[in-house]
Amino acid sequence: YEDAAEAVIAALGQWPKTRSQTYVVSDGVPITRAGIVEAALRSPAFEGVAAPVFEPVGPRAHTGDGKVYDVRRARQELGWSPRHSSFADY
């Protein structure tokens, strides 16, 4: 959440240039829903919790790539970069 908050602060710091602009902010590391669950289950907060089973959906369902976002615009225009290198490191 810190990364998202810092991106908003960076955008507000460049107001009004950023008015009506949309920025995608992410660590830039692709992750699947299963990858998010696996990372979360390593946390003591989820000890003993069973992982959900995901059914493949869509044309990229079997690639295992996860979602890929282009965050260059936010990094270049806002001077923003994530504090956490990936969701798994968070």
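Which residues line the second largest pocket?

## The pocket

Ala 39, Ala 40, Arg 42, Ser 43, Phe 46, Phe 87, Ala 88 and Tyr 90 line the second largest pocket. A pocket here is an open set of points on a 1 Å grid over the protein atoms alone, where a 1.4 Å probe fits, with protein on both sides within 12 Å along at least five of seven lines; lining residues have an atom within 4 Å of a point. The space in this pocket is about 150 Å³, taken as that filled by probe spheres set on the points. Six lining residues are nonpolar, one is polar and one is charged.

## Basis of the model

This is a predicted model; local features need pLDDT of at least 70, side-chain atom pairs count only at pLDDT 80 or more, and totals for chains, interfaces and linings use all residues. Residues are numbered from 1 along each chain as its sequence is written, and side-chain values use heavy atoms, without hydrogens and water.

## The nonpolar core

Seven residues form the largest nonpolar core: Ala 7, Ala 10, Ala 11, Tyr 23, Ala 74, Leu 78 and Trp 80. Such a core joins buried residues (under 20% relative accessible area, 1.4 Å probe) through side-chain atoms within 4.5 Å. Helices α1 (2-12) and α3 (72-78) each supply at least two of its residues. The largest share, three residues, comes from α1.

Beyond its neighbours within four places in sequence, Ala 7 is in contact (heavy atoms within 4.5 Å) with Val 25, Leu 78 and Trp 80.

## Around His 84

His 84 sits in the segment after α3. Its side chain makes a polar contact with the side chain of Glu 2 (3.4 Å); the cut-off for such N or O pairs is 3.5 Å. Neighbours within four places in sequence aside, His 84 is in contact with Glu 2, Asp 3, Asp 27 and Tyr 90. Tyr 90 is also one of the residues lining the second largest pocket.

Note on methods:
Nonpolar A, V, L, I, M, F, W, Y, C, P; charged D, E, K, R; others polar. Buried < 20%, exposed > 50% of the residue type's maximum accessible area, 1.4 Å probe, protein only. Helix = DSSP H or I, 4+ residues; strand = E, 2+ residues; numbered from the N terminus. Polar contact = N/O pair within 3.5 Å; in protein donor to acceptor, adjacent residues only side chain to side chain.
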